[in-house]
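Please look through the structure shown here with the following explanation beside it.

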Amino acid sequence: MAQTSVRTKSDILNSRALVSIPGGVNSNVRLSAPRVFFEHGRGSRLWDVDGNEYVDYVLGQGPCFLGHAHPIVNRAVAQACDTGMVFGAQHELEVEAVERLLGAVGWAEQGRLGATGTECVQAALRLARAATGRTRFVHFEGHYHGWLDNILMRVDDGHAVPVSLGQVAGQLAETSVLPWNDAEALEQLLAESGDTIAAVIMEPVMINNGSIEPLPGYLARVRELCDEYGVILIFDEVITGFRVARGGAAARYGVTPDLATYGKAMAGGWPVGAILGRADLLSLLSDGRVNHSGTFNGAVMAAAAVVATQQVLDENPPYEAIEAYGTTLMAGLHKIGEAHGLDLHMQGLPAGFHVSFGPPGPVLDFAGMNRLDLARYSRFATRLAEHGLWVTGRGIWYVSAAHGPTELADSLERFDNAIRASLP
Ligand SMILES: Cc1ncc(COP(=O)(O)O)c(C=O)c1O
């Protein structure tokens, strides 16, 4: 007898989305994720259109650091919205937003707001080129800095090559790609051609691939080498900023870049980025010698979201609680995996750790990711979603200030259930 399967509301919406939206999604990153349509999120949880509830460890790919729909941020944004949305001119909140960001990171002297991390990275690279009069920059294997032509790449035989059809391969000609966490490789390149290199850009923790921390002394050595060769050091703190410490990775590891880019956790879920750094570099924007523009840069609601989020982080810093939650969660997941005889592999910072399958022992670089079974984990992530844990198929688990003891207990129970249901 033919079985009739019941179509969920998500299935029906997905069919509709596939007609009008290429792939049914508005970002390629979502192409491989389960096609769940969400109705709303509150705190650490999400509810889909079919009434299923999830503990959320995606957090919009990181931004919802305070949890979904934080009441203070929402109220601030709603009030700001009543005053108008975008003026094509200045308003007080954008000044306060940048002042608060500078106050939080401590080391930077000036900053500009942008709309996304991708653009702020481009602004930082342009400033570095303008300041040094050089064109090349160093990019590290496995680090993600946005989807534009000069920075979206994979490595083939030591060279940066495009990953997307339509990418202009020639734009990667100015990019030197190196293994990260390898100070000698950088030293060698700078010794050979340091006078052609404008910038070294990196995720100070490689969260996008494996949540790999810098080796002890690595960031400090990179800082020294950049100083020696007159190269601008850019930390891309779009994920780590305001997440791994109040002052981001720069504060956590005690190494100061020349420029840094921010986004995600900075504004409680609002689409906004920032570039912060040395005044002598950012001042190249002051008289228009270097162009950084954008209709929505510093828009009223985005600025309000930054101010409110930074205020919450100042008044009620969640860092210790998040560190404790992530640590306990990782230990709990590990224990459950072990009890089922699974080769679960887990590492990274508690506020954004990485889960996969593979042999024990830390992965220290991008090449080491090859020994993890990422495809198997991606399939497992779909099982986790079916059991009420919303996680990325890429293995990053983000923790928010809204995750507490109830979420912890629910998460461990759901994780156990998902494994039991997957066992033969
Ligand atoms: C480290 C890093 N830099 C830059 C970006 C790009 O930011 P956006 O997606 O806001 O353009 C991302 C996005 O995930 C990121 O993880």
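Leu46 touches Phe38, His40, Gly41, Asn52, Glu53, Tyr54, Asp56, His68 and Trp390, once residues up to four places away in sequence are left out of the count. In this predicted model, Leu46 has its place in strand β2, and with a relative accessibility of 7% it counts as buried, because the limit for that word is a relative accessible area under 20%. Although Leu46 and Gly388 are 342 residues apart along the chain, their C-alpha atoms are separated by 9.2 Å.

Strand β2, which covers residues 45–48, also holds Arg45, and helix α12, which covers residues 405–422, holds Asp410. The side chains of Arg45 and Asp410 meet in a salt bridge, with 2.8 Å from N to O, and this pair links distant parts of the chain, since the two residues are 365 positions apart. Arg45 and Asp410 are both buried.

Within helix α6, which runs over residues 218–229, Arg223 and Asp227 lie four residues apart, about one turn of the helix, and their side chains meet in a salt bridge of 2.7 Å from N to O. Arg223 is buried, with a relative accessible area of 14%. A further salt bridge joins Asp280 to Arg278, where the closest N and O atoms are 2.6 Å apart. Are these two residues buried or partly exposed? Asp280 counts as partly exposed at 45% relative accessibility, and Arg278 is likewise partly exposed, with a relative accessible area of 29%. Over the whole structure, a search finds 19 salt bridges.

Another place to look is strand β11, residues 259–262, where Thr261 is found. Thr261 is buried, with a relative accessible area of 0%. Which residues is Thr261 in contact with, leaving aside its neighbours within four places in sequence? The contacts are with Cys120, Val121, Ala124, Phe235, Asp236, Glu237, Val238, Ala274 and Ile275.

Ser211, in the loop between β9 (197–202) and α6, has a positive phi of about 45° although it is not a glycine, and at 2% relative accessibility Ser211 counts as buried. Phe242, in the loop between β10 (232–236) and α7 (248–253), has a phi near 65°, again a positive value in a residue other than glycine. The relative accessibility of Phe242 is 0%, and Phe242 therefore counts as buried.

Gly170 and Leu389 are 219 residues apart along the chain, and their C-alpha atoms are separated by 42 Å.

Along its principal axes, the C-alpha trace spans about 70 × 55 × 45 Å.

Of the 424 residues, 52% count as buried. Among the contacts in the chain with a separation of 6 or more, 68% are accounted for by residues 24 or more positions apart. The accessible surface comes to about 18,900 Å², and 53% of that surface belongs to carbon and sulfur atoms. As for charge, the chain carries 31 positive and 46 negative side chains, and the centres of these two sets lie 6 Å apart.

Notes
Residues numbered from 1 in each chain as written. Predicted model: local features only at pLDDT ≥ 70, side-chain atom pairs only at ≥ 80, totals over all residues. Heavy atoms only, no water. Buried < 20%, exposed > 50% of the residue type's maximum accessible area, 1.4 Å probe, protein only. Contact = heavy atoms within 4.5 Å. Areas by Shrake-Rupley, 256 points an atom, 1.4 Å probe, with all protein chains shown as cover. Lys, Arg positive; Asp, Glu negative; His and termini not counted. Charge placed at Lys NZ, Arg CZ, Asp CG, Glu CD. Salt bridge = Lys/Arg side-chain N within 4 Å of Asp/Glu carboxyl O.
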